[in-house]
Amino acid sequence: MSESQLLTEHYHKDTYKSLKGYQADGGYEVLKKAFKMEPQAIIDEVKASGLRGRGGAGFPTGVKWGFLPRNDETRYLLCNADEGEPGTFKDRMMMERAPHQLIEGMIISAFAINSPKSYIYIRGEYDQCIETVTAAIKEAYDAGLLGENILGSGFKHDMDVYYGAGAYICGDETGMISSLEGLKGQPKLKPPFPAVQGYLKKPTIVNNVETLAAVIPIIDKGAEAYKAIGTEKSSGTKLFSVSGCVEKAGNFEVPLGYPLMDLIELAGGLRPGRKLKAVIPGGSSAPVLTAEECLTAKMDYEDLSAKGSMLGSGAVMVIDDSQNMVDLLGVIMHFYHHESCGQCTPCREGTGWLSKMVHSILEGKGRIADLDLILKVANQMKGKTICALSDAAALPALSFVTKFRDEFEDYIKRGHQYAAEALHV
Amino acid sequence: MFKCTINGHEVEVPEGASVIEAFKLLKEDIAHYCWHPGLSIAGVCRLCMVQIDDGPRLHIACNTLVKDGMKITNQTEVVKEAVRWGMDFHLINHPLDCPICDQAGECGLQEQYMKYGQYDSSMAEKKVKKRKVVDLGERVVLDSERCILCSRCVRFTDEVTKTNELGIFNRGDHSEIGTFEDQPLDNKYSLNTVDICPVGALTSKDFRFQQRVWYLKDTDSICTGCSTGCSIKVYHNKEGLFRVKPVFNEKVNGHWMCDEGRDLYKHVNAPVRLKQILKSVGNEWFPLGLERALDHLNEAFSKAENISVLITAQHTVEEYKALKNWAQQLQDKTINFVYWKNNPESFDSFDGLLIRGDKNPNTKGLLEAGFEFADASVLDSSDLVLAPMPENPAVYPKYMEKLEQLSKLQTQLCLLSVSNITQHETINFADGTLAIPMKTAFEKAGHFINHQGLTQKIHKGRVIVKAALGLDELLQAIKIGKWIQPQLLKSRKTNESSKVSGELW
């Protein structure tokens with residue numbers, strides 16, 4: 001299977017980020033096509049395409065749109081560009097290289113769900129993205145692609161950029177809505193779900209950058225053509241951010257169902273003389289896969305789920321034998337401890353507890369009994385909270401300790417030695 | 001109405017009720033910290049876990065609506081395990097300082113721990129350090145380490161008082177309740193945050209370190225602070241009264257009461273009370289023996305032709321009835337009733353929540369008692385003025401001014417007073433003025449009628465001053481010519497204060 005480029009075909013061109021360059025490569029042509037369709041037909045097409053949310057949860061996009069109440073209430077479209085999952089950097093590239101692709105995808109989506117206003121919520125650290133997207137929106141307004149009566153269609157749509165302040169939790173859709181409303185970025189209790197009551201208590205659809213961009217090829221080529229790519233239940237292509245112990249880290253667009261080992265090869269393969277130890281296939285919250293599991297792993301929703309992990313945001317972190325799993329878990333646990341919003345007790349207290357236990361081990365003060373305690377604590381954090389951050393912290397803890405228990409036990413037994421080594425480095 | 005089954009018991013709940021409300025209706029046990037019936041749903045403590053229709057997923061009862069035919073349980077091992085761990089998560093960073101914590105004895109954590117505790121500390125790591133004695137405002141102190149971040153207090157200032165002084169600052173296990181710069185927790189209902197705090201994080205400056213709660217008894221009563229008439233509980237022991245808390249009353253105060261009302265136990269306690277009968281002679285107060293006092297009373301009331309009663313709306317329905325009966329029996333005398341409103345200008349004000357300008361618990365009761373009120377000018381021509389004083393003269397300054405005026409006219413007064421009358425040094429009471437200790441609303445039983453016309457009962461609680469009389473009891477003594485309970489009157493301490501001279505008779 002070769003790299004199939006529905007979205008990133010022109011990303012290598014410097015001109016692609018300007019309106020002129022984007023239009024030269026067929027930009028905004030699909031929007032014209034979409035305006036000739038019935039909004040409901042667009043929703044049906046997206047539904048039929050089997051497109052699933054590319055942000056992490058993988059919820060079918062067309063189904064999500066279908067949850068909107070059938071009334072005249074103002075509805076909002078929010079683009080989740082708060083790419084915070086460790087290891088993920090695909091949305092960044094999309095916004096830096098092809099801001100108009102996102103804008104076009106958003107106008108089509110907004111037209112489909114009849115939304116007069118959308119916001120692109122960009123992660124605060126992405127200053128380059130904020131710049132390119134803001135400039136592109138201005139270009140689009142100047143060209144009559146945003147604002148009143150877009151391209152003579154009678155459809156009115158306004159778009160704005162809003163940026164976060166670097167909180168991971170604002171990547172959760174309701175956390176993002178809170179932040180956008182000017183509140184502390186904390187997820188909201190569901191139900192009500194955003195499609196019924198979201199931003200400013202109005203029906204709201206929140207989609208990831210890649211999801212919104214993927215609407216373009218679906219409308220362009222049709223649901224059938226889109227569905228032909230990928231696997232039966234995971235259709236289309238996906239951008240994977242491959243990082244870690246590979247020669248050529250980067251973003252790669254491949255059809256879903258692509259073998260993991262081939263994806264690693266696309267990224268230049270492992271460094272010379274190194275052996276694969278493990279791969280985190282979908283961002284730091286996805287359970288880790290052992291080298292053995294990697295051999296047969298296919299990068300789609302079902303196969304990874306069957307292996308007890310998940311596709312997540314598509315951040316593939318490759319771990320070779322030079323890495324220490326305790327160390328890595330320490331970094332991951334520190335991250336979730338730092339990012340827990342603190343609302344729900346199991347997450348607020350559990351993330352800190354897990355982090356402290358792993359760091360005790362790292363400092364050479366670990367006890368073998370800690371490993372079982374980590375598993376118990378992590379198990380009780382799963383599925384107990386408002387949002388998925390608690391699970392995101394629990395899953396790596398569970399998978400690391402279960403699958404690499406020998407390494408953890410060894411570290412605990414020789415803890416002082418390891419800790420001293422770490423200190424000298 | 002929806003029918004559902006909770007732990008095997010069937011219950012009918014109104015449509016739109018949540019699962020936790022159904023549990024409460026059935027009085028079935030369910031652990032929870034963040035849910036409070038008077039506030040919005042936060043869904044953050046994650047303790048009210050239930051299983052629905054035997055499904056594998058756990059749901060929080062507070063944010064789940066009951067559907068017809070739903071089968072709900074919180075008795076399965078999965079739920080119990082989740083609650084046990086939920087408790088552990090609450091406790092790992094909570095200080096073990098129950099022995100010095102004011103909440104001990106009425107603490108949500110202690111209660112749930114007894115039911116769901118793991119009884120074996122599994123946390124070997126260091127606890128998170130947070131701020132200790134944080135001064136949040138005029139009345140409330142915060143201990144952040146004890147706080148379990150249920151956000152009840154934050155929601156209270158957001159939703160009930162709409163003053164928004166409190167917020168949760170920082171993230172994760174470093175989250176803390178706090179106030180914004182230069183905006184202390186300073187609203188008229190701030191102590192409700194202490195009541196709804198399920199742990200010892202928010203404590204009342206007034207009550208902290210005063211008493212262990214298990215040494216306190218409580219009596220149901222009605223707040224006398226204004227005509228709203230909030231339902232309250234008064235907490236007391238042999239050392240006196242210590243605090244007042246609101247009791248849920250759907251018709252009157254909901255779950256809340258104001259801070260002003262919380263202070264209304266202070267004038268009841270012994271140090272500020274009048275404890276014996278005093279007589280003013282030559283601008284000095286002298287204690288009066290029981291027999292002498294009775295003689296004096298009888299003499300004063302039989303001699304006087306023109307008697308006025310300076311009455312306020314602070315007495316019970318029963319006392320007004322006694323007053324009316326007493327007056328009807330003295331047909332040979334002129335008896336005028338003067339209704340004393342303290343603050344006519346702000347009398348009808350209302351803050352939109354609970355506080356009313358009418359600072360009397362029984363205005364409706366007085367007005368409905370059927371008195372014919374005379375103009376205040378009749379006081380000046382009276383031989384004797386019977387003045388059952390307002391309980392707390394501090395909030396009734398004009399009443400005291402009137403007494404001062406009358407004293408200047410050398411009018412004979414018969415005062416029935418809660419507070420120690422000798423502290424009013426500026427007033428030169430006429431010779432022969434009697435001051436008799438009066439019962440407070442917490443020391444007598446009876447009824448008040450609030451502004452809505454709702455008749456509410458007050459219960460006799462702890463008697464602080466044994467010699468104190470109710471208005472009805474005083475009138476009875478005058479009528480029958482002997483004390484109702486002389487044994488009690490005798491048992492008082494004789495040496496009241498340095499301001500009282502030695503016994504004259």
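Me: How many of the 505 residues of chain B count as buried?
Reply: Buried means under 20% relative accessible area, exposed means over 50%, and partly exposed lies in between, using a 1.4 Å probe and protein chains only. In chain B, 59% of the 505 residues count as buried. This is a predicted model, where local features need pLDDT of at least 70 and side-chain atom pairs count only at pLDDT 80 or more, while totals for chains, interfaces and linings use all residues. Residues are numbered from 1 along each chain as its sequence is written, chains are lettered from A and ligands numbered from 1 in the order in which they are written, and side-chain values use heavy atoms, with hydrogens and water left out.

Me: Which residues touch the most other members of the largest nonpolar core?
Reply: A nonpolar core is a set of buried Ala, Val, Leu, Ile, Met, Phe, Trp, Tyr and Cys residues joined through side-chain atoms within 4.5 Å. The largest one has 62 residues, and Ile107(A), Ile120(A) and Ile122(A) touch the most other members. Helix H6 of chain A, residues 99–113, gives the most to this core, with nine residues. Helices (H or I, at least four residues) and strands (E, at least two) are DSSP runs, numbered from the N terminus. A second, separate core has 59 residues, including Phe23(B) and Leu166(B).

Me: What is Ile122(A) in contact with, leaving aside its neighbours within four places in sequence?
Reply: Contact means heavy atoms within 4.5 Å. With those neighbours left aside, the contacts of Ile122(A) include Ala81(A), Met95(A), Ile130(A) and Tyr163(A).

Me: Why is helix H5 of chain A described as largely enclosed?
Reply: Six of the eight residues of H5(A), residues 90–97, are buried, so the helix is largely enclosed by the rest of the structure. Among them are Lys90(A), Asp91(A) and Met95(A).

Me: How is a salt bridge read?
Reply: Side chains of opposite charge can pair when their charged atoms come close. The criterion is a side-chain nitrogen of Lys or Arg within 4 Å of a carboxyl oxygen of Asp or Glu. A search of the whole structure finds 51 salt bridges over all chains. In one of them, the side chains of Glu302(A) and Arg52(A) meet at 3.0 Å, N to O. This pair links distant parts of the chain, 250 residues apart: Glu302(A) is in helix H13 and Arg52(A) in the loop between helices H3 and H4 of chain A. Glu302(A) counts as partly exposed, at 28% relative accessibility.

Me: Where do Lys132(B) and Asp143(B) lie?
Reply: The two form a salt bridge, with their closest N and O atoms 3.1 Å apart. Lys132(B) is in the loop between helix H3 and strand S6 of chain B, and Asp143(B) is in the loop between strand S7 and helix H4, so the pair ties together parts that are 11 residues apart in sequence. Lys132(B) is partly exposed at 34% relative accessible area, whereas Asp143(B) is buried at 9%.

Me: In what sense do strands S21 and S22 of chain B pair?
Reply: Two strands pair if DSSP finds at least two bridges between them. S21(B), residues 446–449, and S22(B), residues 455–458, pair in the antiparallel sense over four bridges. His447(B) stands opposite Lys457(B). The hairpin has five residues between the strands, and Gly453(B) takes a positive phi near 90 degrees.
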